[in-house]
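I opened this notebook to record what I looked up in the structure, entry by entry, beginning with the strands and going on to the helices.

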Amino acid sequence: MLVSASAAAQRAQQPAVEVFKSPTCGCCSKWVDHLRSHGFTVRTTDVEAIDEVKAKHQIPQSARSCHTALVGGYVVEGHVPATDIQRLLKERPAIAGIAVPGMPIGSPGMEVPGRAADRYQVMTFDRTGRTTVFATR
């Protein structure tokens, strides 16, 4: 019960996350579960034309993945760890969002039993398409 109380307290302090994903994507649903387990309230919207969502939010081609989320005025693209989203919301940098490009094995929602996690980077991006490293995993 302590975990539930802690998750409830976190939910009260964090903005809701709106996730746009394909209706058939299992890894996207696992990422949503990951966010919820870290105290986020998540709303999902299944969309057939996910590339239109990415274009609308000016996500650089090099940063794109399988799902797109909006939280606290930022765009979150792909399998970004919840702890990096929490850091983003705490630090509030002057960027458009953060992304985990592609679908690296071992990132939240992309875990594969018996396989070691890939190394990957969480990238920032701005409205001009410029990217920088936010975190290395």
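**Strands, sheet and helices**

I began with strand 6 (residues 121-125) and strand 7 (residues 131-136), which pair in the antiparallel sense over 5 bridges; strands here are DSSP runs of E of at least two residues, helices are runs of H or I of at least four residues, and both are numbered from the N terminus, while two strands count as paired if DSSP finds at least two bridges between them. I note that this is a predicted model, in which local features need pLDDT of at least 70 and side-chain atom pairs count only at pLDDT 80 or more, whereas totals for chains, interfaces and linings use all residues. Residues are numbered from 1 along each chain as its sequence is written, and side-chain values use heavy atoms, with hydrogens and water left out.

Within this pair I found Q121 opposite T136 of strand 7 and T124 opposite T132 of strand 7. The two strands form a hairpin with 5 residues between them, and G129 in the turn has a positive phi of about 95°.

I then traced the open sheet, whose 7 strands follow the order 2-1-3-4-5-6-7 with mixed pairing. Strand 2 and strand 7 are at the edges with a single partner strand each, so one side of each has no neighbour in the sheet. Neighbouring strands are turned by 25° against each other on average, direction ignored; axes are lines fitted to C-alpha atoms, for helices over the stretch in contact, and angles run from 0 to 180 degrees between N-to-C directions.

Next I looked at what lies on the sheet. Helix 2 lies across strand 1, strand 2, strand 3 and strand 4, and runs at about 170° to strand 1. Helix 4 touches strand 3, strand 4, strand 5 (97-100), strand 6 and strand 7, its direction making about 120° with that of strand 7; contact means heavy atoms within 4.5 Å.

Which residues of helix 2 are buried? I listed C27, C28, W31, V32, H34 and L35, where buried means under 20% relative accessible area, exposed over 50% and partly exposed in between (1.4 Å probe, protein chains only). Seen down the axis of helix 2, these buried residues fall within an arc of 155°, so they line one face of the helix; the arc is that of the directions from the helix axis to the C-beta atoms. The face turned away from the buried side carries the exposed residues K30 and S37.
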